[in-house]
Amino acid sequence: MKGIPTVLITVSPEVSAQMRPPRALYPKGFKIGNSMGGPGMRELQGQVLREALSLLGENTRPGQVITREYPVYREYHEPPRVRN
Amino acid sequence: MSISRKCVPFTPFEGELARSTIAIVTAGGVHLNEQEPFNIADELGDLTYRIIPEGVDSSQLHVTHHHYDHTDADKDINVVFPIDVLRDLQAHGFIKGVAKKHVGYMGYTMQLKAMYEGTAREIANEIDKGSQADAVILTGG
C-alpha cells in the first residue's frame with residue numbers, strides 16, 4: 001500500500017491540528033454536527049466540499065488547518081456570544 | 001487510555017480533481033439503516049466500522065453516535081456525509097467519480113492505540129482495495 005491522499009473537514013480545529021492532518025479545512029463558526037453546513041444548504045455544502053478537495057493540490061503542511069469563512073452559514077447558525 | 005504520538009503520514013496528490021475518484025470516510029457514526037448500529041452502550045467506544053456502497057440512497061443512511069448532536073444529520077445526512085454533494089460535483093465535472101465504497105465509524109473511543117493500530121489500518125485497507133479512490137474526504141461529527 002503506497003498510501004492515499006486525504007483532506008479533513010473539521011469543526012474542531014485545535015483538536016484536529018494536534019493529530020497533524022496532512023490537509024485540513026475549518027469552515028469557521030460551523031457547529032459540531034455541521035461539518036458541511038446546515039441541512040438542505042446544498043450550495044454551501046458544495047462550496048465547502050470543492051474548497052476542501054482543492055487543498056489536495058495546494059502546498060499544505062501537516063498540522064496546518066486552513067480557515068475559511070462562509071457568511072451564508074450565519075443565516076442558519078449564529079454562535080452564542082459571551083457576555084462581558 | 002494509551003495515546004498515540006505518531007503523526008499522520010503525508011501522501012502527495014499528483015493527479016487532477018477532474019480525473020479523480022473520491023471516497024468519504026466519516027467519524028460521524030454513519031451507517032446504512034439495515035446495518036448493525038454502533039454500540040453506544042460501550043463506555044470505551046465502538047472500534048468497528050461500516051462499509052457504505054457507491055450507489056447508496058442517502059435516505060437509507062442513519063447516524064448512531066451519542067457524542068454529538070446529530071439532529072441536523074438526521075434531516076440531511078450530507079451535513080456529515082456529503083454523498084449527494086459529491087455526486088453533484090461529479091455531475092458538474094469537478095471530480096471524475098464517486099468511489100465504489102465509503103466508510104462510517106463512530107469517532108469516539110477511549111482505545112486510541114487499538115483505533116490507530118487496528119481500525120484505522122483496516123479502514124485504509126478497505127479504501128485501498130476496491131474503492132478505486134484517488135483521494136479521501138474525512139469528516140467528523
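This passage describes the two chains of a predicted complex and the contact between them.

The model is predicted: local features need pLDDT of at least 70, side-chain atom pairs count only at pLDDT 80 or more, and totals for chains, interfaces and linings use all residues. Residues are numbered from 1 along each chain as its sequence is written, while chains are lettered from A and ligands numbered from 1 in the order in which they are written. The predictor gives the complex an ipTM of 0.93 and a pTM of 0.94.

Secondary structure was assigned from DSSP runs, numbered from the N terminus: helices are H or I runs of at least four residues, and strands are E runs of at least two. Chain A has two helices and three strands. Their order along the sequence is β-α-β-α-β. The C-alpha atoms of chain A fill a box of roughly 50 × 30 × 20 Å along the principal axes.

Chain B holds three helices and seven strands. The pattern along its sequence is β-β-β-β-α-α-β-β-α-β. Its C-alpha trace spans about 45 × 35 × 20 Å along the principal axes. The radius of gyration of chain B, taken over C-alpha atoms, is 15 Å. This agrees with a compact globule of 141 residues, which would have a value near 14 Å (the rule is 2.2 Å times the number of residues to the power 0.38).

The contact between the chains takes 34 residues from chain A and 36 from chain B. Two residues are in contact if their C-beta atoms, placed from the backbone, lie within 7 Å. On the chain B side, the elements giving two or more residues are α1 (71-75), α2, α3 (112-128) and β7 (135-139). Strand β7(B) gives the most, with five residues. By class, this side has 24 nonpolar, six polar and six charged residues. Ala, Val, Leu, Ile, Met, Phe, Trp, Tyr, Cys and Pro count as nonpolar, Asp, Glu, Lys and Arg as charged, and the others, Gly among them, as polar.

Strand β7(B) also pairs with β1 (residues 6-9) of chain A, in the parallel sense over four bridges. Pairing requires at least two DSSP bridges between the strands. Within this pair, A:V7 has B:I137 as its bridge partner.

Helix α2 (residues 42-54) of chain A packs against helix α2 (residues 83-91) of chain B at about 75°, with axes 9 Å apart. Axes are lines fitted to C-alpha atoms, for helices over the stretch in contact, and angles run from 0 to 180 degrees between N-to-C directions. The two helices are therefore roughly perpendicular (65 to 115 degrees). Helix α2(A) contributes A:R42, A:Q45, A:G46, A:L49 and A:R50, and α2(B) contributes B:V85, B:L86, B:D88 and B:L89. This helix contact has four nonpolar, two polar and three charged residues.

Methods:
Parallel < 35°, antiparallel > 145°, perpendicular 65-115°, else oblique.
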